[in-house]
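Here are some notes for a colleague who is coming to this structure for the first time.

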Amino acid sequence: MSHLIENKKEEERVILVAVYEKGDSPENTSMQELSELVRTAGAVCVGKLEQKLEFANPVTYLGKGKLDELRTMLVALNATGIVCDTELTPIQMKNLSQILNVKIMDRTMIILDIFASRAQTKEGKIQVELAQLKYNATMLVGLRSSLSRLGGGIGTRGPGEKKLEMDRRLIREEISKLKRELEDVKQHRETQRKLRNRNNIPVVCIVGYTNAGKSTLLNHLSESEVLAEDKLFATLDPTTRAITLPNGQNIMLTDTVGFISKLPHHLIQAFRSTLEEARYCDIILHVVDASNPEMDMQMYAVYETLRQLDIEDKPVITAFNKIDKLDEIPVLKDLRADATVLLSAKKEIGFDTLQEKISALIQAEQVYVERIIPYKNAGLLSDIRKYGQLISEEYLEDGIFIKAYVREIEAAKL
């Protein structure tokens, strides 16, 4: 039975609140992304309140004047709650709840909420609940005071009110239980991964900022039907598909959860095993939404997340996606990538170039061989076709003369 409980109540009306601290860029677009997150979670943004401070108020997040302004806005806009653009401390959560007497949420709660509604597999559901419980354990003081105002809706999917009322000891026990369950699932994933590695089929892992078009690309390349919506975190669980490149090389394509700036550290920890798919791949395919004005920030967020996961030693192909949305295509570069390509996953533009780049990087790890294979060992040909690239075969008296690119392990067999 699923651990997750979905509470759907009447439409929630929220005000987005942000404090821009010293050093934040003046064109901070984090609020725009927060608005998208709130929409994805199913609420309506009815207003925004922003304040520039050297540091966010450690007690109430906002300054006194802005708090009074926010109280007035809540009444005027008939809002049911607020969503702050950073992870609040328990003290800030508690005080805001007491002062404003409405539902208080932060960016982390919204992201966790979306993940709770999108998780499909057993592993995804366990990971979401684990992240929520860890978050709730740290926020218990602040959340407990406002439980009477939570009443379901966004920010409360998953463990929900009942689990929040557990004391810390019970939450710790639940976390330990979920970790054991996750370990079992992880062992299963490890077994699958070892089978893939034993097969020596190259694995290409698709990573990128949420909503960059990763699932659309996977769908069109593999002719499969993974959910692809114009929403943040449309897909959550990793999906793997087998495809054959034009040169005959077989590869596995794995789609991963989308990255986001200010990704809650609870999620980095809980989703480590999902994101670790990227650690065991041969090539990282970094999909970037070239039509997004925040493209550079999004690329930075992806590389920063990969760095946190210790995934920095893989060849990278950066695919600048959604070029069909651009009136003029600027010079697009990624200095960290081994290769770049311009494409439109939706309209299948640039696919030939992308597949050539993937083939070239795989070939760089292979060795070129010319051999005569005795007819009694003709079965080796199917291995070469499956795991490498068979360029030509010629049937002679004493065997089959082949030219091929293969991994060193196949070369040793030959």
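1. In this predicted model, Glu-304 has a relative accessibility of 23% and therefore counts as partly exposed. Its partner is Arg-307, with which Glu-304 forms a salt bridge whose closest N and O atoms are 2.4 Å apart. Arg-307 is likewise partly exposed, with a relative accessible area of 38%. Both residues belong to helix H12 (residues 295-308), and because they are three residues apart there, about one helical turn separates them.

2. Glu-69 is partly exposed at 37% relative accessibility, and Lys-66 is partly exposed at 22%.

3. The side chains of Lys-322 and Asp-289 also meet in a salt bridge, at 3.5 Å from N to O. Lys-322 lies in the loop between strand S9 (316-321) and strand S10 (339-342), while Asp-289 lies in strand S8 (residues 283-289), so the pair ties together parts that are 33 residues apart in sequence. Lys-322 is buried, with a relative accessible area of 13%, and Asp-289 is buried as well, at 9%.

4. How many salt bridges does the count come to? The count comes to twelve, and beyond the pairs described above, Glu-33, Asp-85 and Arg-107 are linked in a network of salt bridges.

Definitions and conventions:
Residues numbered from 1 in each chain as written. Predicted model: local features only at pLDDT ≥ 70, side-chain atom pairs only at ≥ 80, totals over all residues. Heavy atoms only, no water. Salt bridge = Lys/Arg side-chain N within 4 Å of Asp/Glu carboxyl O. Buried < 20%, exposed > 50% of the residue type's maximum accessible area, 1.4 Å probe, protein only. Helix = DSSP H or I, 4+ residues; strand = E, 2+ residues; numbered from the N terminus.
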